[in-house]
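Colleague: I am new to this structure and would like to learn how its features are read. Could you take me through them slowly?

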Amino acid sequence: MLENKKIGFIGAGVMGKAIIGGLIESGFVKKESIFASEINQELANNVSNELGIDTSTDNKKIAEGSDILFICTKPFVMKDVLDEIKNNLTENTLVISIAAGVSSETIEDCINKPVPVIRTMPNTPVLVKEGMVALCRGKYVTDEHIELAKNLFEQTGKCIEVPEKLINTVTGISGSGPAFMYLIIDALADGGVKKGLPKKTAIELAAQTALGAAKMILETGKHPAILKDEVTTPGGTTIAGLMTMEEHGIRSALAKTVQNTAEKADELG
Ligand SMILES: NC(=O)c1ccc[n+]([C@@H]2O[C@H](COP(=O)([O-])OP(=O)(O)OC[C@H]3O[C@@H](n4cnc5c(N)ncnc54)[C@H](OP(=O)(O)O)[C@@H]3O)[C@@H](O)[C@H]2O)c1
């Protein structure tokens, strides 16, 4: 359990709420240690009712009272938010940004004093403890800051450190990835519906299969191509399906999806 640290969130939308929810669910952080600010009173009240935490519309107050400050607003409002709160940050505040495409250098320049900044790319499965978070260190960050951030995120899934030049590529795989996986699962389920399965059953089959396949890769450590070959009988059903996927270019479509997403994150920066 993390004691004696106040954790603030500026912006508690989809991703902010997923991180808060995941941390509370883990039991590693007490609800009473988490505070969030939102842009208007109605949103702040909704977040408070939904998550049972104290909320405010005063970003400065949240920044000032936090040992660890998550900034979870959209990238295009980051600069305004940082201008607003920079005088309320000290060298003892650990700032953790989740904004896609906004570099730690940009954040440090806006704050304009030696405040430690960790830039991260989380994903929404943090809410169900299966998140994938990548983080990179700003110039005032120590190993202890990284350990603290990793410790927090590991309560909600996996967390790795990457060099900042690769973080936009991470966005293309795991940051935006849940949406890609939802589309793939929905498409597989539609195939089942075409062949007469109820959609709910088809989604359950597809989602559990995606989960199982992912676990096979992570827990056996085997290359996905080896696992694929292991379930592909010569002349059987699976190779017929695989050939269809290859004919329709799914491999290059998915690789290009990651590339375009990463390039969009570069543009945002
Ligand atoms: N969603 C994802 O899967 C995902 C994954 C990885 C990273 N991210 C990153 O996470 C960040 C947040 O994304 P999101 O999807 O959670 O967006 P979101 O749902 O729009 O959440 C942002 C929240 O911040 C509020 N806000 C806007 N301006 C504010 C201000 N000046 N002060 C305080 N709160 C303010 C917004 O209110 P309004 O709605 O009224 O503007 C909204 O509730 C983005 O930078 C994104 O790049 C998202």
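Predicted model: local features only at pLDDT ≥ 70, side-chain atom pairs only at ≥ 80, totals over all residues.

Colleague: Which residues come nearest to the ligand?

Modeller: Of the 25 residues around the ligand, those that come nearest are G11, G13, M15, A99 and A100. Sorted by class, the shell holds 14 nonpolar residues, 9 polar ones and 2 charged ones.

Colleague: Staying with α1, how should I read its packing against helix α2, and at what angle do the two axes cross?

Modeller: One looks at the distance between the axes and the angle between their directions, and here the axes of α1 and α2 (residues 41–51) come within 11 Å and cross at roughly 25°. Angles under 35 degrees count as roughly parallel, and therefore α1 and α2 are described as roughly parallel to each other. The crossing in which α1 passes α2 is right-handed, and the contact is made by K17, I20, G21 and I24 on the α1 side, with V47, E50 and L51 on the α2 side. By class, the residues of this contact are 4 nonpolar, 1 polar and 2 charged.

Colleague: What is the angle between helix α7 and helix α12?

Modeller: Helix α7 (residues 167–175) packs with helix α12 (residues 250–268) at an angle of about 135°, and their axes are 8 Å apart. That angle makes α7 oblique to α12, and α7 passes α12 in a right-handed crossing. From α7 the contact takes N168, T169, T171, G172 and I173, while α12 supplies V258, Q259, T261, A262, A265 and D266. The residues of this contact divide into 4 nonpolar, 6 polar and 1 charged.

Colleague: I would also like to judge the length of a helix; how many residues does helix α9 have, and what span is expected of it?

Modeller: The idea is to compare the reach from first to last C-alpha with the span expected at 1.5 Å a residue, and α9 (residues 199–220), with 22 residues, reaches 31 Å, close to the expected 32 Å. Following α9 is G221, whose phi is positive, near 75°.

Colleague: How far does helix α8 reach from its first C-alpha to its last?

Modeller: Helix α8 (residues 177–194) has 18 residues and reaches 26 Å, close to the 26 Å expected. After α8 comes G196, and the phi of G196 is positive, near 105°.

Key
Residues numbered from 1 in each chain as written. Near = placed C-beta within 6 Å. Nonpolar A, V, L, I, M, F, W, Y, C, P; charged D, E, K, R; others polar. Axes fitted to C-alpha atoms, helices over the stretch in contact; angles between N-to-C directions. Helix = DSSP H or I, 4+ residues; strand = E, 2+ residues; numbered from the N terminus. Parallel < 35°, antiparallel > 145°, perpendicular 65-115°, else oblique. Left-handed = near helix turned anticlockwise from the far one by under 90°. Contact = placed C-beta atoms within 7 Å. Expected span 1.5 Å × (residues − 1).
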